[in-house]
Amino acid sequence: MQFQADITGVPVIRPAQTETTALGAAYLAGLAVGFWQDAREIEALWRAERIFEPAMSADQRGFLLNQWTRAVGRARKWN
């Protein structure tokens, strides 16, 4: 997660509940049967476990993105 924040230059928020696929289905089912009145009730249940702030220098980020672009370019030509 830290690397994602660093390479994108934006914070990455990791939720306290990381298994969100099943949880999302449960929330939708609860909305459908009236367990929750609206999405605001569900939003109030969400909690962040950790926030990863970008810490990488712009020079380092640029270097790594350039290397990644080069690698993708080479992979695309590989047959």
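What is the mean pLDDT of the protein chain, and what share of its residues reach 70 or more? This is a predicted model, and for its protein chain the mean pLDDT comes to 94, with 100% of the residues at 70 or more. If we go through the chain element by element, confidence is lowest in helix H2, which covers residues 20-32 and has a mean of 93, while it is highest in strand E2, residues 48-52, where the value is 97.

Let me turn now to the charged side chains. In general, side chains of opposite charge can pair when their charged atoms come close. In this structure there are 2 salt bridges, and I would like to take them in turn.

One of them joins the side chains of Arg14 and Glu49, with 2.6 Å from N to O. Arg14 belongs to strand E1, residues 12-15, and Glu49 belongs to strand E2, so this pair ties together parts that lie 35 residues apart in sequence.

Is Arg40 buried or exposed? Its relative accessible area is 63%, and because exposed means over 50%, Arg40 is placed in the exposed class.

Methods: Residues numbered from 1 in each chain as written. Predicted model: local features only at pLDDT ≥ 70, side-chain atom pairs only at ≥ 80, totals over all residues. Heavy atoms only, no water. pLDDT = per-residue confidence, 0-100. Helix = DSSP H or I, 4+ residues; strand = E, 2+ residues; numbered from the N terminus. Salt bridge = Lys/Arg side-chain N within 4 Å of Asp/Glu carboxyl O. Buried < 20%, exposed > 50% of the residue type's maximum accessible area, 1.4 Å probe, protein only.
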